[in-house]
Amino acid sequence: MPNTNSISSHKRPVIVTCAITGSGDTVGKHPAIPVTPEQIAVSALEAAQEGAAIVHIHVRDPNTGLASSKLEYYREVVERIRADNADVIINLTTGTGARFVPSDDNPAIGGKGTTLMAPEERTRHIEALRPEICTLDITTMNFGEFTFVNTPAHLRVMAKRIYAAGALPELELFDTGNVRLALRLIEEGALKTPAMFQLCLGVPWGAPATVEAMILMRDMLPQGAFWTGFAIGGQEFPMVAQAILLGGHVRVGLEDNLYIERGVFAKNNAELVEKSIRIVRALDCIPATPDDARTILGLKAHAAK
C-alpha cells in the first residue's frame with residue numbers, strides 16, 4: 001500500500017531505498033530480474049507503490065541482459081517513471097564503467113570483462129537526466145573476481161560534475177578505508193556536507209555483513225551524519241533491522257538479494273520492499289514518504305542552490 005505517513009509523526013521516519021536490478025549476473029538466476037527499460041521502470045514504480053521512497057537504477061542491454069551505460073536506456077527508464085507522475089526519488093548509478101580485469105598476456109591492459117571509462121563518460125547520464133540522487137562509489141577494491149576502480153582523481157572529477165548537474169551523491173562505502181577517503185574528500189572540499197553515506201556490507205571482498213562491521217563504519221562517520229546500511233544475500237533483512245536499530249536507513253532490492261526468505265524467490269522488488277516496511281513498523285518507526293526523504297536529505301535546499 002502507498003505510504004501516507006508524515007514526518008511530523010513522533011515516530012522516526014526511515015527511508016527505504018529499492019535497488020531495482022543492479023549489474024550482476026543475476027539474469028537467468030531469477031525469473032523476475034528487470035532487464036528492459038520498460039521492465040526496470042515498471043519494477044521501480046511497483047516498489048514505490050509499496051513504500052520505497054527512493055529507487056536506485058542500473059540499466060541493462062535488453063538483448064543480452066548485461067550491464068549497460070547507454071544514455072538511451074537510462075533516458076527511457078527515467079522518462080517512464082516521470083511520466084507516471086509517481087512521487088518517488090530517482091537515484092541513478094554511476095558505478096558502471098569501473099570494472100578492470102587484467103588480460104592474461106599483459107596485465108597492464110584490460111582483458112575480457114573490463115569496462116573502464118573516463119569519469120566524464122560515467123556521469124554523462126547524470127548531466128543529461130538530472131536525477132535528485134546518484135551514487136558515487138568511494139572505493140577501489142577486489143570485487144569478486146574483478147577489480148572495481150575509482151581513483152581519488154576520478155572521484156573528484158565525477159563529484160564536480162554531479163554537483164553541477166544538481167544531484168546529491170550517495171557515497172557508497174564498502175569498507176573502513178572507503179570511509180576515510182570520503183572524509184578526506186569532504187575535508188578538501190571535493191565532496192560537500194551534509195553528505196549522504198551508504199554502508200555496503202557483505203560484498204566480496206569488502207566489509208562483512210555483521211553488526212560489528214556496521215557499527216564500526218557508522219562510528220567513523222561525522223556525528224549526526226545521514227547514513228543507510230544494507231547487506232547482500234541472506235543478510236539483507238537482518239541488516240535492515242540492524243540499520244534501523246542503529247539509527248540508520250535501509251535498502252533492499254533484487255540487485256542485492258533474490259530471496260524473500262531462505263530458498264524462496266521474491267516475486268519482485270515490491271515484495272522485498274513490503275517486507276522491509278513491515279520490519280520498519282515492527283521496530284516502532286515509520287516508512288518515510290518521498291517528501292519526508294527530501295526533507296531529511298535536504299534535497300529541496302540542495303536543488304535550490
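Tutor: Ala, Val, Leu, Ile, Met, Phe, Trp, Tyr, Cys and Pro count as nonpolar, Asp, Glu, Lys and Arg as charged, and the others, Gly among them, as polar. This model is predicted, and its residues are numbered from 1 along each chain as the sequence is written. Local features need pLDDT of at least 70 and side-chain atom pairs pLDDT 80 or more, whereas totals for chains, interfaces and linings use all residues; side-chain values use heavy atoms, leaving out hydrogens and water.

Student: By class, which residues does the lining of the second largest pocket have?

Tutor: A pocket is an open set of points on a 1 Å grid over the protein atoms alone, with protein on both sides within 12 Å along at least five of seven lines, and lining residues have an atom within 4 Å of a point. The second largest pocket contains about 380 Å³ of space, and of its 20 lining residues P222, G224, A225, F226 and W227 lie nearest its centre. The lining of the second largest pocket comprises 13 nonpolar, five polar and two charged residues.

Student: Which elements each supply at least two residues of that lining of the second largest pocket?

Tutor: Elements are DSSP runs numbered from the N terminus, with helices (H or I) of at least four residues and strands (E) of at least two. At least two lining residues of the second largest pocket come from each of β12 (196-201), α7 (211-220), β13 (226-231) and α10 (290-297).

Student: Which residues in α10 are buried?

Tutor: Buried means under 20% relative accessible area and exposed over 50%, with partly exposed in between, for a 1.4 Å probe and protein chains only. After α10 comes G298, whose phi is positive, near 70°. Within α10 itself, the buried residues are P290, D292, A293, R294 and L297.

Student: What volume does the largest pocket have?

Tutor: A volume is the space filled by probe spheres set on grid points, which are joined across faces, edges and corners. For the largest pocket this gives about 1,100 Å³. Its lining has 44 residues, the closest to the centre being S23, G24, D25, R99 and F143, and it divides into 16 nonpolar, 19 polar and nine charged residues.

Student: How many charged residues are in the lining of the largest cavity?

Tutor: In a cavity, a 1.4 Å probe fits but cannot get out. The structure holds one cavity of 30 Å³ or more, and about 40 Å³ of space lies in the largest cavity. S69, Y74, T94, T96, M117, E121, R122 and H125 line the largest cavity. Its lining counts two nonpolar residues, four polar and, for the charged class, two.

Student: Which residue in β6 does I57 stand opposite?

Tutor: Two strands pair if DSSP finds at least two bridges between them; β3 (residues 54-57) pairs with β6 in the parallel sense over four bridges. In β6 (residues 89-92), I89 and N91 point one way and I90 and L92 the other, all of them buried. N91 stands opposite I133 in β8, whereas I57 faces L92.

Student: Why is one side of β7 and of β9 left without a neighbour in the sheet?

Tutor: The open sheet has three strands in the order β7-β10-β9, with antiparallel pairing. β7 and β10 (residues 146-148) are joined over two bridges, and F100 has T147 in β10 as its bridge partner. β7 and β9 (141-143) are at the edges, so one side of each lacks a neighbour because each has a single partner strand.

Student: How far apart in space are M141 and W205, C-alpha to C-alpha?

Tutor: M141, in strand β9, counts as buried because its relative accessibility is 10%. Not counting residues up to four places away in sequence, M141 touches several residues, including V203, P204, W205 and G206. M141 and W205 are 64 residues apart in sequence, and their C-alpha separation is 7.3 Å.

Conventions
Contact means heavy atoms within 4.5 Å.
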